[in-house]
Amino acid sequence: MANHKSSIKRIRQTIVKAERNRFYRTRLKNIVKAVNSAVEAGNKEEATEAFKVANKQIHRFVSKGVLKKETAARKVSRLNKAVNAI
């Protein structure tokens, strides 16, 4: 157990941030899964709508610091490529 006030506070902050990041990463996986399932089903309209939501959310995660900008760009690019391939 930590002995200093600052280290105890740091532990609390780390727990909160880890929980928040876990929520965002799970949300990200579900968003990507929704786009991919629509693409696999061959439903262009549903895939396009899911992609719009995914694009907005992925860029929001960048502003929250959950994803790096390049990672988000790569994910959006791959999803867009998959949607356009239908």
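Helices (H or I, at least four residues) and strands (E, at least two) are DSSP runs, numbered from the N terminus. Residues are numbered from 1 along each chain as its sequence is written, and this is a predicted model, in which local features need pLDDT of at least 70 and side-chain atom pairs count only at pLDDT 80 or more, while totals for chains, interfaces and linings use all residues. Side-chain values use heavy atoms, with hydrogens and water left out.

Q: Why is arginine 20 called partly exposed?
A: Arginine 20 lies in helix α1. Buried means under 20% relative accessible area, exposed means over 50%, and partly exposed is in between (1.4 Å probe, protein chains only). Arginine 20 has a relative accessible area of 43%, so the residue counts as partly exposed.

Q: What is the span of α1, and what span is expected?
A: The expected span of a helix is 1.5 Å times one less than its number of residues. Helix α1 has 37 residues and reaches 55 Å from its first C-alpha to its last, which is close to the expected 54 Å. Just after α1, glycine 42 takes a positive phi of about 80°.

Q: Which residues of α1 are buried, and what covers them?
A: The buried residues in α1 are Tyr24, Leu28, Ile31, Val32, Val35 and Ala38, and their cover includes α2 and α3.

Q: Why is the pair of tyrosine 24 and phenylalanine 61 called tilted?
A: Rings of Phe, Tyr and Trp (its six-membered ring) pair if their centres lie within 6.5 Å, and planes under 30 degrees apart count as stacked, over 60 as edge-to-face and the rest as tilted. By this rule the count comes to two aromatic pairs. The ring centres of tyrosine 24 and phenylalanine 61 are 5.2 Å apart and their planes stand at 55°, so the pair is tilted. Tyrosine 24 lies in helix α1 (residues 5-41) and phenylalanine 61 in helix α2 (residues 44-64), so the pair ties together parts that are 37 residues apart in sequence. Phe23, Tyr24 and Phe61 form one aromatic cluster.

Q: How do you know whether tyrosine 24 and phenylalanine 61 are buried or exposed?
A: Tyrosine 24 has a relative accessible area of 15% and is therefore buried, and phenylalanine 61, at 2%, is buried as well.

Q: What makes isoleucine 58 count as buried, and which residues does isoleucine 58 touch?
A: Isoleucine 58, found in helix α2, has a relative accessible area of 0% and is therefore buried. Contact means heavy atoms within 4.5 Å, and, not counting residues up to four places away in sequence, isoleucine 58 touches Leu28, Leu67, Ala72, Lys75, Val76 and Leu79. The C-alpha atoms of isoleucine 58 and valine 76 are separated by 7.6 Å, although the two are 18 residues apart along the chain.

Q: Why is α2 called roughly antiparallel to α3?
A: Two packed helices are described by the angle between their axes and the distance between the axes. Axes are lines fitted to C-alpha atoms, for helices over the stretch in contact, and angles run from 0 to 180 degrees between N-to-C directions. The axes of α2 and helix α3 (residues 69-84) come within 10 Å and cross at roughly 175°. Angles under 35 degrees count as roughly parallel, over 145 as roughly antiparallel, 65 to 115 as roughly perpendicular and the rest as oblique, so α2 is roughly antiparallel to α3.
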